[in-house]
Amino acid sequence: GRNSCPECREESADRSLRVNRALVRLSEKGRALSLNLKAKRSKLHCEKHQEELKLFCETDKNIICLVCAAAEEHKSHTFMLLDEAVEFYKEQVKSSFESLTEKQSEIQQMEQQQKESISGVREAS
């Protein structure tokens, strides 16, 4: 049997190579720790409480954690789950964008008509 590198899987004919189990475990722990840190960093956290930001305060238009939501300053406010708020506002932005695109198209048509009208006046004079 040939030995293969645990990292790149390149095979080696050298039979004197041995697996270092302690190094393997250490490297696996390192990888797991690195993945955990990446996962934690990818989620937004509250600066005040270091809790994951899960709610959208509709009153303040701000993303907050559950501890903030229970605090006095947000007592009578309205909340949405962050995922729901994202979808809701994404739809609003999409709708606004479509409306603005339509208006832009209308303005461009009017601009073209004005240019044609001006050209017609110039040709007539």
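Is K90 buried, partly exposed or exposed? I looked this up before anything else. K90 counts as partly exposed, because its relative accessibility is 46%. I note here that the model is predicted.

**Entry: the K90 pairing**

I followed the K90 side chain to its partner. K90 and E87 meet in a salt bridge, at 3.3 Å from N to O. I placed both residues in helix α3, 3 residues apart, about one turn of the helix. I then checked the cover on E87. E87 has a relative accessibility of 41%, so E87 counts as partly exposed.

**Entry: the other salt bridge**

I counted 2 salt bridges in the structure. I looked up accessibility for both ends. E73 has a relative accessible area of 49% and is partly exposed. K48 has 56% and is exposed. The cut-off for exposed is over 50%.

**Entry: overall layout**

I stepped back to the whole chain. I see 3 helices and 5 strands in the protein. Their order along the sequence is β-β-α-β-β-α-β-α. Next I looked up the radius of gyration, which is 31 Å. The globule rule gives 14 Å for 125 residues, and the value here is well over that, so the protein is more spread out than a compact globule. The C-alpha trace spans about 100 × 55 × 20 Å along its principal axes.

I checked burial too. Buried residues make up 11% of the 125 residues. The accessible surface comes to about 11000 Å². Carbon and sulfur atoms account for 53% of that surface. Then I turned to contacts between residues at least 6 apart in sequence. Of these, 18% join residues at least 24 apart.

**Entry: the nonpolar core**

Which residues make up the largest nonpolar core? I listed 8: C46, L53, L55, C57, I64, C65, C68 and A69. I asked which elements supply them. β3 and α2 (66–70) each give at least two residues to this core. As a general remark, nonpolar side chains tend to be buried together in soluble globular proteins.

Leaving out residues up to four places away in sequence, L55 touches N62, I63, I64, C65, L66, A69, M80, L81 and L82. Among these, I64, C65 and A69 are also on the core list.

**Entry: aromatic rings**

I found 2 aromatic pairs in the structure. One is F56 with Y89, an edge-to-face pair at 5.4 Å centre to centre and 65° between the planes. F56 lies in strand β3 (residues 55–57) and Y89 in helix α3 (residues 82–124), so the pair ties together parts that are 33 residues apart in sequence. F56 counts as buried, at 10% relative accessibility. Y89 counts as partly exposed, at 23%.

The rings of F88 and Y89 make an edge-to-face pair as well, because their centres are 5.0 Å apart and their planes stand at 85°. Edge-to-face here needs an angle over 60 degrees. I looked up F88 and got 38% relative accessibility, so F88 counts as partly exposed.

**Entry: backbone angles**

Where does Q50 lie? I found Q50 in the loop between α1 and β3. Q50 has a positive phi of about 55°, although it is not a glycine. Q50 counts as exposed, at 55% relative accessibility.

K61 was my next check. K61 has a positive phi of about 55° and is not a glycine either. I placed K61 in the loop between β3 and β4 (62–64). K61 counts as exposed, since its relative accessibility is 52%.

Note on methods:
Residues numbered from 1 in each chain as written. Predicted model: local features only at pLDDT ≥ 70, side-chain atom pairs only at ≥ 80, totals over all residues. Heavy atoms only, no water. Phe/Tyr/Trp six-rings, centres within 6.5 Å; stacked < 30°, edge-to-face > 60°. Helix = DSSP H or I, 4+ residues; strand = E, 2+ residues; numbered from the N terminus. Buried < 20%, exposed > 50% of the residue type's maximum accessible area, 1.4 Å probe, protein only. Core = buried A, V, L, I, M, F, W, Y, C linked by side-chain atoms within 4.5 Å. Contact = heavy atoms within 4.5 Å. Salt bridge = Lys/Arg side-chain N within 4 Å of Asp/Glu carboxyl O. Rg over C-alpha atoms; globule rule 2.2 N^0.38 Å. Areas by Shrake-Rupley, 256 points an atom, 1.4 Å probe, with all protein chains shown as cover.
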